[in-house]
Number of protein chains: 2
Amino acid sequence: MPKSGALDYRSAGVDLDAAERTMEGLKSLVASTRDEHTLSALGHFGGLYAVPGDVASPVLVSSTDSVGTKVMVAFQARRHDTVGQDLVNHCVDDILVQGARPLFFLDYVGCGAMEESVVTAVVGGVATACKENGCALLGGETAEMPEFYAKGEYDLAGFIVGVVERDRILDGSRVGVGDVLIGLGSTGLHTNGYTLARKIVFESMGLAIDDEFPESGRSVADVLLDVHRSYLPALSEALDAGRVRGLAHITGGGIPGNLPRTLGSELGAVIDLNTWEVPDVFRVLREAGGVERDEMLRVFNMGVGMIAVVAPEDVDSVMEGLSRGDCPAWVMGEVEAGKGVRWT
Amino acid sequence: MPKSGALDYRSAGVDLDAAERTMEGLKSLVASTRDEHTLSALGHFGGLYAVPGDVASPVLVSSTDSVGTKVMVAFQARRHDTVGQDLVNHCVDDILVQGARPLFFLDYVGCGAMEESVVTAVVGGVATACKENGCALLGGETAEMPEFYAKGEYDLAGFIVGVVERDRILDGSRVGVGDVLIGLGSTGLHTNGYTLARKIVFESMGLAIDDEFPESGRSVADVLLDVHRSYLPALSEALDAGRVRGLAHITGGGIPGNLPRTLGSELGAVIDLNTWEVPDVFRVLREAGGVERDEMLRVFNMGVGMIAVVAPEDVDSVMEGLSRGDCPAWVMGEVEAGKGVRWT
């Protein structure tokens, strides 16, 4: 029993027992993502993962990311089960562009007072998406920082490790003039442009989180929390067959900020903006915010979450494979000499 | 030129060009941590790391952590070059307890408006510690969230991947009754207990960040920002020689919360509290906060940052090896039958 007036960790705002209970509740969820390579249980200091033996010259591909201010939409909507999925799918896509398939994932949640239901929803979303992507949730950290994060708020970062055969790394070196760009549809804003989107929706348009988002028949919460798409299922077959020469994940910076990174230093692209219909959400944001077209293209994915670079002779077979899945795909342009992205 | 009244990303608080400039300034710093296994440059989507060929049956060990509210001391002190070192060393120690040596590290910085000098100092600290630990800084993410983080504030999470030979994993299975516990000195609070420590120092004691910390001859900032020690240099030799049966990194939960995790399910420990002098910083905090001894032992490391479990016949050689380094080490107790930690 602490002396009267004595300080302890709980009175300072940190409840180690509650943290342990939350961990306990997540164990079975996390266990469902494990496979034969996973050697450790939750609660160890570090997670253990045996390097798969079926890769001759394994190169690990690793990335870290957050979902940015999309978490603030989750706070407003009091819906915490989707941002974890966003985080995992975003990270899966980030390493997919180098040809890697995911092995394992770790999450970091920084929060104020830990609310068991919130943390469980967030990490539950992470575990769900890990399972969907065949990726072990190997560990994580929930840091309770009551004076730093506001009550009910949290930030969320993810770390992924995947593997690729050394001679299968996508590094732009196989991309050439005349290669075809295949656009793969996004499911909405994914995880980028939320600072601007929120300003337009909640300030310029004056909408509340539960209002209907114009021309959608859905709420603002529904539209803004659409889950970032993982392109692993859509692209696995083409990648396994060696028919993908490059991939660009369209995140912050949009197409002009991301496509050039996969084309190498001497090449550019020409993209026909008439080959797809920009989804309503972007049109509404552009009109309501009075945002210039080039700014829209730099901040948002505009309906294109991933671009695959494919040799002309492989386009038909890649498109046929893609047509069997549920991800929209279309030929949107081609690689040309000279740097930069041109629009037609 | 945006139309008058039109919204763009910069007016919404995010400056993509400034972010790019900060990245550019960090390139050489980060490059200094790379080695022959590092296949990617900064700016790729994911970092590439070839699995070392000198490990027969490689198991990856991965962990994520933050430095908790120690960042708030850094804000007050306007000193941002040490928390990155804390983060790396903490993570190195977390995987060391399973016998792993670090391969690579990624950092996540969530912040308000990105201040180039602050981000550079933080990531500079990360890179410095990576270099000291022979660990590549493979990538990172700096997320600018101006409405979420206050100006000048940031959270910091780290992610480490190391490797261990499968038959060298430290999992507690080699620990037996009568094994000796060797304590390794901490350099201060390391990264745990800051919520309570800050409450005591800034509220109960009423000190300011630049005041002298009692009985130290140093400022509050200096004492509270002492860098978390990496035990990799001290323990490498004993680990390579197979003379370590278990390791416990003393973090949140203190000795009673961390030592049992390395002892397996049937064993406990008896520790002689008279074998070391608890550093002044803990004594001052205890007295000023009126904190119970057991609470102190549960929240703080009390001068013991790592505990090594060693067979009785190996104690002399391990202690001799440790005496050549600069990390204090002493025999503090032993493993006994029955669960729990007893103090004598």
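The domain bounds used here come from an automatic or database domain assignment. With them, chain A is divided into domain 1 (16–168) and domain 2 (180–343). Colour these two separately: the C-alpha centres of domain 1 and domain 2 of chain A lie 24 Å apart.

A word on the model before moving on. It is a predicted one, in which local features need pLDDT of at least 70, side-chain atom pairs count only at pLDDT 80 or more, and totals for chains, interfaces and linings use all residues. Residues are numbered from 1 along each chain as its sequence is written, while chains are lettered from A and ligands numbered from 1 in the order in which they are written.

Next, select where the domains touch. Here 23 residues of domain 1 of chain A are in contact (C-beta atoms, placed from the backbone, within 7 Å) with 22 residues of domain 2 of chain A. On the domain 1 side, α2 (70–77) and α3 (83–96) of chain A each supply at least two residues; helices are DSSP runs of H or I, at least four residues, numbered from the N terminus. The most comes from α3(A), with eight residues.

Now select residues 194–204 and 280–289 of chain A, helices α5 and α9. Their axes, lines fitted to C-alpha atoms over the stretch in contact, come within 10 Å and cross at roughly 65 degrees, on a scale from 0 to 180 degrees between N-to-C directions. Finally, show side chains: Ala197(A), Ile200(A) and Ser204(A) in α5(A) meet Leu285(A), Ala288(A) and Gly289(A) in α9(A).

Key. Contact = placed C-beta atoms within 7 Å.
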